[in-house]
Amino acid sequence: MDGVKEIRRGTLQEQTFYEQVGGEETFRRLVHRFYEGVAEDPLLRPMYPEEDLGPAEERLTLFLIQYWGGPTTYSENRGHPRLRMRHAPFTVDRAAHDAWLKHMRVAVEELGLSEEHEHTLWNYLTYAAASMVNTPG
Ligand code: HEM
């Protein structure tokens, strides 16, 4: 195999974003901090149908883990995300959008990620939040 550069299988492993930012623990910290904000929020808290925010915290955590390249437990439990459809029962207007992002911002900053990782994560969250708005005003 003259002239052919051989690269052993498995030696070129690319890390997912999920792995780069610290895996499950990072996403658990992020969403836990976010829900601490939601728990105190007069607009958002009443939107959550369950008394206990724990199950909602788990769903968002597993969704984000899956989205960023970690285990696919979210879809194994919940099926295809269809997030816009799942938010249809809730009034996601500008005020709800802003409150959601405000708590997420605090949670993202407290992770202390590198500037680049933080930017990537924040870009996605702002884009996703905008796409979830379903009520004008
Ligand atoms: C823009 C403002 C938003 C509001 C006010 C909002 C509100 C809610 C509410 C009230 C629920 C129901 C709680 C539950 O049963 O889990 C929910 C579920 C959920 N939200 Fe949001 N959300 C927003 C944006 C987002 C964004 C941007 C994402 C993704 C990046 C997201 C991901 C999810 C997920 C994964 C669930 C659980 C879906 C399921 O499996 O049933 N949400 N959201």
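Predicted model: local features only at pLDDT ≥ 70, side-chain atom pairs only at ≥ 80, totals over all residues.
The buried residues of H2 pack against H3 and H6.

**Helix H2**
- H2 has 16 residues. From first C-alpha to last it reaches 22 Å, close to the 22 Å expected at 1.5 Å a residue.
- Its buried residues are Thr26, Phe27, Leu30, Val31, Phe34, Tyr35 and Val38.
- Seen down the axis of H2, these buried residues fall within an arc of 155°, so they line one face of the helix.
- An α-helix has 3.6 residues a turn, so residues three or four places apart point the same way.

**Nonpolar core**
- The largest nonpolar core has 13 residues. Those touching the most other members are Phe27, Leu30, Val31, Phe34, Tyr35, Leu64 and Ile65.
- At least two residues of this core come from each of helix H2 (24-39), helix H3 (54-67) and helix H6 (94-111).
- Leu64 is in contact with Phe27 and Val31, leaving aside its neighbours within four places in sequence.
- In soluble globular proteins, nonpolar side chains tend to be buried together.

**Ligand shell**
- There are 19 residues around the ligand. Ala56, Arg59, Phe63, Trp100 and Ala128 come nearest.
- By class, the shell has 14 nonpolar, two polar and three charged residues.
- H3, helix H5 (83-87), H6 and helix H7 (115-132) each supply at least two shell residues.
- H3 gives the most to the shell, with four residues.

Technical notes:
Residues numbered from 1 in each chain as written. Core = buried A, V, L, I, M, F, W, Y, C linked by C-beta atoms within 7 Å. Buried ≥ 20, exposed ≤ 12 C-beta atoms within 10 Å, placed from the backbone. Contact = placed C-beta atoms within 7 Å. Near = placed C-beta within 6 Å. Nonpolar A, V, L, I, M, F, W, Y, C, P; charged D, E, K, R; others polar. Expected span 1.5 Å × (residues − 1). Arc of directions from axis to C-beta.
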